Amino acid sequence: MKYDFIVVGHGLAGAILAETLRSRGSKVLVIDEPKENSASRVAAGLLNPVAGKRFAKSWLADTFIPTADAFYTSLEARYGQELFFRKPIYKIFSSIEEQNTWMAKSAGGNWGDYILATHTQSINQPGIDDPFGGIMIGRGGYLHVFAMLDLLTEDLLKQNLMLPERFDMRELQLTESGVKYKSIEAARLVFCEGYQVVHNPYFKWLPIQPTKGEVLEVQTEQNFSPECIYNKAVYVVPEGAGRFIIGATYDWRNPDEEPTPQGQEELSERFRQITLQPFQVTGHWAGIRPAVRDRRPLVGMHPQYPQLGVFNGMGSKGVLMAPYLARQFAAALDGEEELMPEIHIFRYLSLYYAYTDQQNLQP
């Protein structure tokens with residue numbers, strides 16, 4: 001069987017890339033081992049256009065958001081199911097100093113519909129502890145990532161376009177016309193493996209830092225407003241009926257997929273800084289993100305083997321960035337446009353040369 005592309009990995013990045021390639025008429029086979037605690041499946045799927053203590057607009061938010069919105073809307077229309085929940089984000093000031101930082105920042109910028117309101121005092125919402133107020137951020141929301149992945153996976157399986165198995169690197173052969181995997185041939189293969197790329201012999205030179213993230217599901221005794229997402233050191237995403245998803249921790253020292261008592265306590269303590277309500281932890285998960293040194297994605301074809309590519313490194317920003325970057329990557333693969341230099345893996349060519357030199361020196 002021959003394909004235009006093999007996509008290895010069907011987390012958020014791989015699923016969006018495969019869907020984008022197929023929408024352009026390419027014949028795509030996805031290879032992915034089903035895994036309940038992948039980083040994509042445990043993530044809350046947050047899209048936040050203004051983040052961080054410095055109140056910076058997310059990188060290229062004006063470019064990424066329209067494409068993301070159109071992509072998720074098209075999937076909702078196809079499946080008749082709401083997947084992307086458009087919600088404002090209430091970013092709570094942690095101190096008067098933080099409030100002053102925002103007031104100075106907002107005075108010199110054109111924020112448009114990204115900032116819906118600035119509150120210098122509490123909004124007096126039941127259950128919310130916000131003595132210094134906060135800002136209400138527009139154009140945000142969250143994606144039900146696991147629901148989207150389940151729908152796309154079911155489609156691929158029905159059409160015999162997915163192999164639900166672990167990719168075996170030993171079975172990969174590079175040929176003059178592309179690649180061969182077992183009895184399958186394709187013109188190109190793209191790895192969308194997340195943090196597992198650190199074990200990939202073709203791309204392990206890329207500066208991926210596996211970073212563990214833990215999230216909680218909690219049940220509150222009262223259902224404070226589910227009309228927005230809350231943010232103060234952690235995000236708090238409403239799931240309905242008093243349930244919220246809280247996350248996430250960042251741990252690059254112990255990158256395993258096991259939830260920890262320390263992670264639960266950290267998230268619980270931070271949630272207590274947002275609400276005065278009692279709550280009960282009803283779920284606890286962990287996953288590993290593929291973080292990158294310069295906090296930019298890793299996209300492109302291998303410098304020596306042009307039939308092999310990578311689409312990776314979006315960290316916690318995949319919901320925001322992946323639809324646009326998948327569209328640009330697909331267009332670049334067809335020779336229609338160039339990849340942005342900020343995301344192209346060739347910015348790390350010096351690491352590739354150092355890696356190959358090291359391999360050549362080994363006995």
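The domain assignment of the protein gives domain 1 (2-42 + 146-207 + 294-361), domain 2 (89-137) and domain 3 (210-290). The model described here is a predicted one, and in it the centres of domain 1 and domain 2, taken over C-alpha atoms, are separated by 39 Å. The structure holds zero disulfides. Among its cysteines, Cys 192 is buried, with a relative accessible area of 7%, and Cys 228 likewise counts as buried, at 6% relative accessibility.

The largest nonpolar core has 98 residues, of which Met 148, Phe 203 and Phe 311 touch the most other members. Helix α7 (residues 318-333) gives the most to this core, contributing 10 residues. Apart from this core lies another, of 15 residues, which includes Ile 92, Tyr 230, Leu 267 and Ile 274. When neighbours within four places in sequence are left aside, Met 148 is found in contact with Leu 12, Ile 16, Tyr 72, Leu 75, Leu 83 and Leu 143. Helix α7 itself is mostly covered, since 14 of its 16 residues are buried, and just after α7 a positive phi of about 75° is taken by Gly 335.

Helix α3 comprises residues 61-79, and its 19 residues reach 27 Å from the first C-alpha to the last, close to the 27 Å expected at 1.5 Å a residue. The buried residues in α3 are Ala 61, Phe 64, Ile 65, Ala 68, Phe 71, Tyr 72, Leu 75, Glu 76 and Tyr 79. These residues are placed on the same side of α3, because they cover an arc of only 140° around the axis. Two of the buried residues of α3, Tyr 72 and Leu 75, are also among the contacts of Met 148.

With residues up to four places away in sequence not counted, Ala 61 touches Pro 49, Pro 66 and Tyr 114. Ala 61 and Arg 139 are 78 residues apart in sequence, while their C-alpha atoms are 9.8 Å apart in space. Leu 60 is located in the loop between β5 (56-57) and α3, and counts as partly exposed at 30% relative accessibility. The phi of Leu 60 is near 55°, a positive value in a residue other than glycine. Just after α3, Gly 80 takes a positive phi of about 60°.

Backbone geometry of note also occurs elsewhere in the chain. Most residues other than glycine have a negative phi, and most peptide bonds are trans. Ala 241, although not a glycine, has a positive phi of about 55°; Ala 241 lies in the loop between β17 (234-240) and β18 and, at 65% relative accessibility, counts as exposed. A cis peptide bond, with omega of about -5°, joins Gly 247 and Ala 248. Of this pair, Ala 248 is found in the loop between β18 (243-247) and α6 (261-272).

Helix α6 has 12 residues, which should span 16 Å at 1.5 Å a residue, and this agrees with its end C-alpha atoms, which are 16 Å apart. In α6, Gly 263, Leu 267, Ser 268 and Phe 271 are buried. Because these residues cover an arc of only 125° around the axis, they are put on the same side of α6. The face of α6 turned away from this buried side carries the exposed residues Pro 261 and Gln 262. The elements covering the buried residues of α6 include β15, β17, β18 and β19 (279-292).

Strand β15 (residues 208-220) contains Gln 209, a residue that is partly exposed, with a relative accessible area of 36%. Not counting residues up to four places away in sequence, Gln 209 touches Trp 252, Arg 289, Pro 290 and Ala 291. Gln 209 and Val 292 are 83 residues apart in sequence, yet 5.9 Å apart in space from C-alpha to C-alpha.

Notes. Residues are numbered from 1 along each chain as its sequence is written. This is a predicted model: local features need pLDDT of at least 70, side-chain atom pairs count only at pLDDT 80 or more; totals for chains, interfaces and linings use all residues. Side-chain values use heavy atoms; hydrogens and water are left out. A disulfide is a pair of cysteine sulfur atoms within 2.5 Å. Buried means under 20% relative accessible area, exposed over 50%, partly exposed in between (1.4 Å probe, protein chains only). Domain bounds come from an automatic or database domain assignment. Helices (H or I, at least four residues) and strands (E, at least two) are DSSP runs, numbered from the N terminus. The expected span of a helix is 1.5 Å times one less than its number of residues. The arc is that of the directions from the helix axis to the C-beta atoms. A nonpolar core is a set of buried Ala, Val, Leu, Ile, Met, Phe, Trp, Tyr and Cys residues joined through side-chain atoms within 4.5 Å. Contact means heavy atoms within 4.5 Å.
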